[in-house]
Amino acid sequence: MEYSKSELRRSKLLELIKLHGKISVQEIIEAIGCSEATARRDLDLLEKSGPIIRTIGGAIYEGAILQSAVELPFADKRFFQQQGKERIAEAAANLVEEGDIVCLTGGTTTFFIARALKKHRHITIVTNAVNIAAELADADGVQVVVIGGVMRAKSYELSGPLAESVIDKINVTKMFLGVDGVSLEHGFTMHSELEARIAQLLIERSRQVYAVFDQSKLEKSALFTIIPLHQATGVIMNEQPEGWFAQACEERHVAIHTAVPVAE
């Protein structure tokens with residue numbers, strides 16, 4: 001079977017993305033010798049047919065995200081498992097009632113929860129993520145409280161002594177906790193020690209705590225534990241878990257909420 005020049009070029013491009021985990025448009029131009037328009041068109045086609053995720057300036061190999069223990073920037077993670085995260089967001093939003101004080105930590109899933117909560121009225125959202133606060137800026141029925149501190153570029157989260165001093169003065173009814181990994185041994189984990197510390201303080205001020213994550217986070221451990229599994233009120237996932245995690249939640253009386261797929 002003969003392949004066209006464009007098919008061979010895209011095949012080479014896919015191998016480059018798999019090899020390096022991610023690639024920029026400029027790197028494609030230099031490696032393959034094509035135009036910027038061609039590079040972007042090839043990435044769009046590969047995203048539709050292959051295991052890559054488009055980013056603002058290039059693409060990421062989906063397998064690299066699933067296997068990597070390295071923290072990726074928000075912009076690179078935002079579109080990974082987007083449909084599942086949007087369903088998780090809707091399920092989370094359904095738990096929020098008028099008068100609630102809702103806490104959202106940083107993360108791509110909590111970002112989509114913020115979007116889903118924009119249609120709510122008479123709620124307060126507390127967050128330490130500046131991108132989530134910006135997303136809620138035009139939500140008329142939502143009061144937004146931003147915890148101060150120093151921003152981490154990868155996650156847009158604020159942390160440090162200033163953030164800790166503010167947290168000590170607030171009360172939260174429902175907290176939605178973004179996590180980087182979930183395991184039986186280490187519980188809910190994060191890459192950043194500073195963000196894990198802020199999350200722990202927010203948990204202490206929250207009546208209910210829901211960890212929000214998709215199936216790709218299971219059986220993965222980031223460097224820092226936030227809380228063990230049993231300290232969560234519940235989890236919200238993109239689909240019903242099976243095996244060890246379902247059993248662990250049942251034994252620890254952790255409620256499991258799953259997003260219902262949209263009927264096609």
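V142 lies in strand β6 (residues 142-146); strands (E, at least two residues) and helices (H or I, at least four) are DSSP runs, numbered from the N terminus. The model is a predicted one, in which local features need pLDDT of at least 70 and side-chain atom pairs count only at pLDDT 80 or more, while totals for chains, interfaces and linings use all residues. Residues are numbered from 1 along each chain as its sequence is written, and side-chain values use heavy atoms, with hydrogens and water left out.

V142 is buried, with a relative accessible area of 9%. Buried means under 20% relative accessible area, exposed over 50%, and partly exposed in between (1.4 Å probe, protein chains only). Not counting residues up to four places away in sequence, V142 touches L117, K118, H120, I123 and I125, where contact means heavy atoms within 4.5 Å. K119 is 23 residues from V142 in sequence, and the two C-alpha atoms are 8.5 Å apart in space.

Helix α2 (residues 25-32) has V25, I28 and I32 as its buried residues. Seen down the axis of α2, these residues fall within an arc of 55 degrees, so they line one face of the helix; the arc is that of the directions from the helix axis to the C-beta atoms. The elements covering the buried residues of α2 include α1 (5-20), β1 (22-24), α3 (36-49) and β3 (58-61). Just after α2, G33 has a positive phi of about 80 degrees.

The axes of α2 and α3 come within 9 Å and cross at roughly 110 degrees. Axes are lines fitted to C-alpha atoms, for helices over the stretch in contact, and angles run from 0 to 180 degrees between N-to-C directions. By class, the contact has 5 nonpolar, no polar and 2 charged residues; Ala, Val, Leu, Ile, Met, Phe, Trp, Tyr, Cys and Pro count as nonpolar, Asp, Glu, Lys and Arg as charged, and the others, Gly among them, as polar.

Helix α6 (residues 82-93) and helix α7 (residues 108-117) have axes that come within 8 Å and cross at roughly 50 degrees. That makes α6 oblique to α7. The contact of α6 with α7 has 8 nonpolar, 3 polar and 3 charged residues.

How values were computed: Angles under 35 degrees count as roughly parallel, over 145 as roughly antiparallel, 65 to 115 as roughly perpendicular and the rest as oblique.
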